[in-house]
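Dear colleague,

I am handing over a structure for you to look at, and below it I describe what was found in it. Please keep it open while you read.

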Amino acid sequence: MTKRALITGVTGQDGAYLAKFLLDQEYEVFGTYRRSSTPNFWRLDALGVIDKINFLHADLNDMASLLEAVTVSEPDEIYNLGAQSFVGASFEAPLLTGDVDGLGAARVLEVVRSINPKIRIYQASSSEIYGNVANVERGLTEETPMLPVSPYAAGKLYAYNLVRIYREGYGLFAANGILFNHESPLRGLEFVTRKITNAAAQISLGLRNKLELGNLEARRDWGFAAEYVQAMWKMLQLDKPSDYVIATGSSYSVQDVLVTAFESLGIDWQKYVTVDKRQMRPLDVHNLVGDSSKAKADFDWNPATSFKELIESMAAADYDRWRRRIDGEVFPWDAPSYPSESVFLTRGPQK
């Protein structure tokens, strides 16, 4: 029997890669997107799955729309990937971030508890929940204390703890994936890795002459998003739910990203990059590196793409996009692609 999955935030980087992976596993895939947002289907279009997904209007801060999405899709599995996912923006919109990232998870859990407690739930957690903890060099595990230093991380920690409470209190199959930074050519331009690779591509083609960044010393554990979504799926195939760190076990600085991206395109980053203190966060995490030994032991997950391979692939993809744009090619984010009407689902009065 074909399994059914509902993905909140299906138009984002992780949602797009997960949708493709699940379709390859012969799932029927349903994905939510917000009515109030500008349609942003380019990632799904780039992966060739835009017309294979059943789209539903839903918003994590609207209980009724979530209830309807779950009722219509009747999923075996829910992957809650929808979020206000930019740490910097969470300082500017802490209430919105808390509502979407924290209470949004509560709404999903409540809908499942009320409609069908047998639905398996994956909650997208984040390495940001750890904050600036001690002994980071050893690698952060599921047992490491969590001390968030941003509204984004605080919202995610609320959701993380709520998943555990519903798992233990109501017997739901609910798992947290504590994913460390994971990137790809589909990453949003607001994230520092893609900001760097995109700027490097533009500079190499003579389309810009400078790049301003904030903290170059911040270190993160960066992996490849397409590999990380496989771990999400594996968590929900286990006999018992639990929480898992997904990481490479190595950390690199923002400056390391700069060096790798610019050198791959044959340019010297120091000639073009300046530090803008206005881009510094009020509080920042200095170093994050994860230990995914538990995931390796329980479902044999290991990262395969190195940091160098990841950043170079992102820089190459951005260079190719800008080169083709110069040649007059139109891209989905310039002229947005839309799914065919047949894949939009609705409940309620029919015409």
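The fold contains an open sheet of seven strands, in the order β3-β2-β1-β4-β5-β6-β11 and with parallel pairing; two strands pair if DSSP finds at least two bridges between them, and strands (E, at least two residues) and helices (H or I, at least four) are DSSP runs numbered from the N terminus. The edges are taken by β3 (54–57) and β11 (244–246), each of which has a single partner strand, so one side of each is left without a neighbour in the sheet. From one strand to the next, the twist averages 20 degrees.

Before going further, please note that this is a predicted model, in which local features need pLDDT of at least 70 and side-chain atom pairs count only at pLDDT 80 or more, while totals for chains, interfaces and linings use all residues. Residues are numbered from 1 along each chain as its sequence is written, and side-chain values use heavy atoms, with hydrogens and water left out.

Within the sheet, strand β4 (residues 77–80) and strand β5 (residues 120–124) run parallel and are joined by four bridges, and Asn80 has Gln123 in β5 as its bridge partner. Helix α3 (residues 63–73) packs on the sheet, where it touches β1 (4–8), β2 (28–33), β3 and β4, and its direction makes about 160 degrees with that of β1. Here contact means heavy atoms within 4.5 Å, and axes are lines fitted to C-alpha atoms, for helices over the stretch in contact, with angles running from 0 to 180 degrees between N-to-C directions.

Helix α3 also packs against helix α5 (residues 94–115), at an angle of about 45 degrees and with the axes 10 Å apart. That makes α3 oblique to α5, given that angles under 35 degrees count as roughly parallel, over 145 as roughly antiparallel, 65 to 115 as roughly perpendicular and the rest as oblique. On the α3 side the contact is made by Met63, Leu66, Leu67, Val70 and Thr71, and on the α5 side by residues including Arg107, Val108 and Glu110.
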